[in-house]
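Reader: I have a model open and would like to learn how to read it. Could you walk me through a few features?

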Amino acid sequence: MASWSPQPAGLQEILQTIRDSTDTQNKVQKAITHKLNNFTRVPDYIAYLAHILAALPQEEDQIRTIAGYLLKNNSYLILKASPEVAEYAKVAVLSAFNDPSSLVRTAAGQDIVSFLGVLEPRNWPDCLEQLVAMLDDPNRQEAAFSVFEKACEDFPRKLDIEIGGTRPLDFMIPKFLMLSEHPSSKMRSHAVACLSYFVPINSQSLFAHIDDFIACLFKRASDEDFSVRRHVCQALVLLLAARPEKLMPEMANVAEYMLYSTKDKNESVALEACEFWLTFAEDPDLAPYLHPLLGRVAPVLLDCMVYGEDDLLWLEGDTEDTTREGAETAEETARRGAYGQETIDDDEDDYDLDDDDFADEMSTEWNLRKCAAAALDVLADKLWSTEWLQRESAILALGAMAEGCIDHIEEHLKVLIPYLLNTLNDPKPLVRSITCWTLGRYASWCTQPISEDHKNRYFIPTMEGLLRMVLDENKRVQEAGCSAFATLEEDAGGELVPYLEPVLRNLVFAFQKYQHKNMLILYDAIGTLADAVGRALSNPQYVDILMPPLTGRWNKLQDDEEDLIPLLECLSSVAIAMGPGFAPYAPLVFQRCVNLVHRSLLQYQAYQQNPDLDEPDRSFLVVSLDLLSGLAQGLGIVLEPIISQTQPSLFTLLTVCLKHPQAPVRQSAYALVGDLAMGCFTLLRPHLDSIMVELIQQLDPEPKVEFVSACNNAAWSVGEVALRYGRDDPEFQQWVNPLIARLIPILLHPKAPRSLHENAAVSIGRIGLMHPALVAPHLPEFAQAWCQALYEIRDNEEKDSAFRGFCTLVQRNPAGIAKSLLWFCNAVVRWNNPSPELNEMFRQLLQGFRSHDLAGWQAQVTVFPPAIQERLAARYGV
C-alpha cells in the first residue's frame, strides 16, 4: 500500500471507540457519537478507517464493516487529506473490495462509490479501470457491477467525461450492452439499469448505440426476472421523455408492453410501467399519441387503483368502522416517534415512518395508486359498483382528475357532487376518507358564489358533510375530513362568515375526540379558517367559543414539547384575525413567546460555545417570532403596554435574532421588525439605530438561496419603517443613501429573485415618498427596472404607496424617466383601481409631459403598443 502507516495509540483509540459503538445504551451511544465527530478533526482519520477496513483481518467483520460505513459518511474528508493519506485510503478500499468477507466487500463497495463521487472519476481513473476489468472476472463481476450501478445512478454526468483523450463510457456502454445478455439475472439487471441512467443526461456515448440499446430493451422485455423487467420499464419511460422519436416507430408494441407491465404481479414493475403513462400525459407533444390508447389504458389504470390484499391487511381496522375515541392505547403511545411521527401507522404518508424500508415496501401499492391516478384522463362507471373496493378506487380517480380535467368534468359536477356527499354515509371508512379528499379537490367549484341555488345545493351541503367527517369515529376519516375542510376554507374565504358559529362549534368539539396526529391537522384547519374569514372572527361570541380549548392546550403543553409548535402557528393566525378580541389573552401569550425566544437564544449560544452539544431545534424560536408578529399585526398599538412591561426586552432579543446564523430565524425576525413598525412604532423607534445596521447589511443583491426570504423581509420592513418616520424626518435621513445604495443593485441585478426585485422596488418607492430630494437624483439609474418590477403585481396599499413615491420622484426629476416613459406608461395603465390620490398624480404627470412638449410626446406615444395608447387616452385624455 501507500507510504502512510498508522500510529498504534491512535489506531487503538479509534478501534476501541468503534467497538464501544456496538453498545445499545442511549447514554453510551451519545458519548460515542461525540467522540466520532471529534475524530473528523484528525488529519488522517480516513486513513485509519481504511486501514481497519482493509488491513486488520483479525478484527471481527462487524468492526471492520462499521469502519467502512464511517469512511463512507466521512468520504468528503479525502478532499482535505494529504496526498499520502488520500492515496492510502483509495488503495485500501480497492483492496478491501477483494476481501473474503461479504460484509467487508459490501462496505468497501459503498466507499468506492462515495470516493468516486467526491473525487470525480477523472481524478481516480485507476479505479474505473479496475472496475471495468472486474466485469470480466466471474468471481468479482457482480460486485463490480453493483458499484457501477450505484455510481451511474448517483452521478452519471461525472462519468460522462473525457480522461486523457478518451471517454470511458465509449468502452463501458458496449460492455454493458454485451452483459445485458449474461446468464445471471442480477448481471442483466445491473446492465440495463446502468444504461438507463445515461438517458436523462443525453449521453452521446449511449446515444451512439441507441438502436442497440432499444433492441436490448425489447429483448429483455420478457425477462423472467422482475428486477430486469422493472429496469426495462424505467428505461423506456426515460427514453420516452428524452428521445421519443426513437420509440414512435414501435409505439404500438411499446404501449402494448407497458399495458401488460402495468398489470404485472410485481408492484415495482407495475409502478415503473405506470410512470410511462404519466410521462405521456405530462408532455403536450406526446399527448396526441396517447388519445388512441385511452380506451384501453384507462381501465387498466383504474384497476391499479383498487386496494390490494396486502394493503387491506396493512390498513387493518380502517376497512371497517370501529370506535376510535378516547385515549391512545399503550401500544399506540409506544409507537409514537418525535413530533407526530409514528413507526407504523394506518394514516397516509404525509408523516414519515421510522422504518423507511418497511414503509417503502408497504406503501408501494399506494404509490402505484397515486401514480395511476395522476395519469388518468377518463373514468369508467365503477363509481356505481356494488363492490366497495371498486367504488373507492373510482372516487380516487375522480379526485385525481380535478386538476387536469376540470374543464371536461365541470358539466358533470352537478351530478357527481351529490353522489359524493351521499357517499360520505358509506359504511366503509376508506370510502368515506377518499370521498373527503375528492370533495376537497372540487372545493373551489363548490364554493363559487354563482347563485343562491348553487350555494344551497353544493356549498352548504359540502361544508356540512365535511364537518360531519371532521367528527367521524374513525381516525383516518377524521384526518381526511379535517384536511378537506381546510381546503374548503381556503377556497370559500369570506363565504364562510355566515356559518362561523356552527363551524367553530364542530371544530372545537373535535378537541375532545382527536388524538395526537389529527390534533396537528385540527390546528391547521383552525389557522386556515382564521386566515379565510379574517376580522369576522373578532366577534365576542366566536372568541368565547374558540379560545377556551386553545388556551386549554396552551396551558397543558410544556415549553419543550414539540406539540407546542403547531399550536403557536395556529395562534398566530387566530391573533391576526381576532385583532382586539385577542387582547385578554395577549399578555400571557406575549410573555411566553418572549421567554421561548430568550430560552432558544441561550441554548444556541451554549451550542456555539460547545459544538459537541446537539444543535437546538430552531422551530421554537421561529414560531415564537411569528406569533409575536401575529400579535403585532392583530393588536397594533394595544400591544405597546405589554411590550413595555415584558422582560427580558423584546428589542434586545430581536437584535440578536437579526444576526442569527440560521436563515429562517432571520426571516421571521425581519418580518417582526416590519410588523412592529406598522403597529408599535413609538416603541420600536428608540432601538432602530442598532436594527437598521443589520437591516442594511441583510440587503444583498445575490443572497444565498436559503437567505432569499430573509432578504425579502428585510427589504419590505425598510419600507414600513420609512413610512412611519414621515416626510423628510432628519433621523431617518442618515440611512437613506446607505439603503438606496443596497436596494438599487438588488433591483438591477439580473439574477435576483423576482420577489426580491418587487420588495426592493416597493421600498425604493416608499423611501422616495418620504425623502424625494435624496432619492430623485438616482431616478435615471432604476426607473425602467422599477416599472418592470411592479407593473404586474396586484393592486394593494403597498403598491399604491410605492407608486405615489415614484410619482413624487418624477415630479422632482422629470428628466429621470425620459428613457423609460414607455415602461412608466405601461405600469400606469396596468392599474385597475388606483387610489384617488395616485390616480390624480398619474393624470397630472401625463398631462404635464404632453403639454410640456406636445410634439415629443406624440412622437413617443405613436410607437407605444395600441393597448397602452387606448388606455392612456381613455383614462387620462393624453
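Author: Gladly! Let us begin with a helix pair. In this predicted model, F459, T462, M463, L466, L467, M469 and V470 of helix α29 meet V477, Q478, G481, C482, A484, F485, L488 and A492 of helix α30.

Reader: How should I read such a list of residues, and at what angle do α29 and α30 pack?

Author: An α-helix has 3.6 residues a turn, so residues three or four places apart point the same way. Here α29 (residues 452–470) and α30 (residues 475–492) pack at about 145 degrees, their axes being 7 Å apart. The crossing of α29 past α30 is left-handed.

Reader: Why can α39 be called largely enclosed?

Author: Count its buried residues: 14 of the 17 in α39 are buried, so the rest of the structure largely encloses this helix. Its length agrees with expectation too, because at 1.5 Å a residue, residues 663–679 should span 24 Å, and the end C-alpha atoms of α39 lie 24 Å apart.

Reader: Which residues touch the most other members of the largest nonpolar core?

Author: In soluble globular proteins, nonpolar side chains tend to be buried together. In this core of 194 residues, W786 and F824 touch the most other members. Helix α32 (residues 516–533) gives the most to this core, eleven residues. Among the residues that W786 touches are L747, I764 and F806.

Reader: And where does pLDDT stay under 50?

Author: Where pLDDT is low, the predicted coordinates should not be read in detail. The protein's mean pLDDT is 88, but the value stays under 50 over residues 323–368. Residues 370–378 are also below 50.

Definitions and conventions. Residues numbered from 1 in each chain as written. Predicted model: local features only at pLDDT ≥ 70, side-chain atom pairs only at ≥ 80, totals over all residues. Heavy atoms only, no water. pLDDT = per-residue confidence, 0-100. Contact = heavy atoms within 4.5 Å. Core = buried A, V, L, I, M, F, W, Y, C linked by side-chain atoms within 4.5 Å. Buried < 20%, exposed > 50% of the residue type's maximum accessible area, 1.4 Å probe, protein only. Helix = DSSP H or I, 4+ residues; strand = E, 2+ residues; numbered from the N terminus. Expected span 1.5 Å × (residues − 1). Axes fitted to C-alpha atoms, helices over the stretch in contact; angles between N-to-C directions. Left-handed = near helix turned anticlockwise from the far one by under 90°.
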